[in-house]
Amino acid sequence: MKEYNRTNKDPDKTPAKYEVAVNDLFKEFETGDSISLNKKYDDQIIAVNGLVKEIKKDSSNFSIILGDTSGSSSVQCEMKLDYLQDAAELSKGSSVTIKGH
């Protein structure tokens, strides 16, 4: 058996293959085939735009949760600590686009 070490593409240097609003992404997964959608987005750089629902921070990492503040669906974006200062400018309800994989 061979084992390969895969490196992730750097989102800072790679254009997004897909750009999608968070609510459109919710609808796509609610109405579509989750297996084919997971294949579509797996290992791709995507840019998701929407409203900040919550920002979670602890001593070693942080994440930005996007979604409608009144709904239960959300997209959790795990962030590099390099962007912690940028995230400090955000608040609940802020509009943002986050690119990653």
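1. On a 1 Å grid over the protein atoms alone, a pocket is an open set of points where a 1.4 Å probe fits, with protein on both sides within 12 Å along at least five of seven lines, and lining residues have an atom within 4 Å of a point. Grid points are joined across faces, edges and corners, and a volume is the space filled by probe spheres set on the points. The largest pocket has, on this basis, a volume of about 690 Å³, and among its 26 lining residues E78, I98, K99, G100 and H101 are the closest to its centre.

2. The model is predicted, so that local features need pLDDT of at least 70 and side-chain atom pairs count only at pLDDT 80 or more, whereas totals for chains, interfaces and linings use all residues. Residues are numbered from 1 along each chain as its sequence is written, and side-chain values use heavy atoms, with hydrogens and water left out.

3. At least two residues of the pocket lining come from each of α1, β2, β4, α3 (84–87) and β5 (95–100), where helices (H or I, at least four residues) and strands (E, at least two) are DSSP runs numbered from the N terminus. The lining comprises 15 nonpolar, five polar and six charged residues, with Ala, Val, Leu, Ile, Met, Phe, Trp, Tyr, Cys and Pro counted as nonpolar, Asp, Glu, Lys and Arg as charged, and the others, Gly among them, as polar.

4. In helix α1 (residues 22–31), V22, L25 and F26 are buried, that is, under 20% relative accessible area, with exposed meaning over 50% and partly exposed in between (1.4 Å probe, protein chains only). These three lie on the same side of α1 because they cover an arc of only 100° around the axis, the arc being that of the directions from the helix axis to the C-beta atoms. On the other side of α1, K27 and T31 are exposed.

5. V48, I64, L66 and I98 touch the most other members of the largest nonpolar core, which has 18 residues; such a core is a set of buried Ala, Val, Leu, Ile, Met, Phe, Trp, Tyr and Cys residues joined through side-chain atoms within 4.5 Å.

6. Leaving out residues up to four places away in sequence, Q44 touches K9, K17, Y18, G100 and H101, contact meaning heavy atoms within 4.5 Å.
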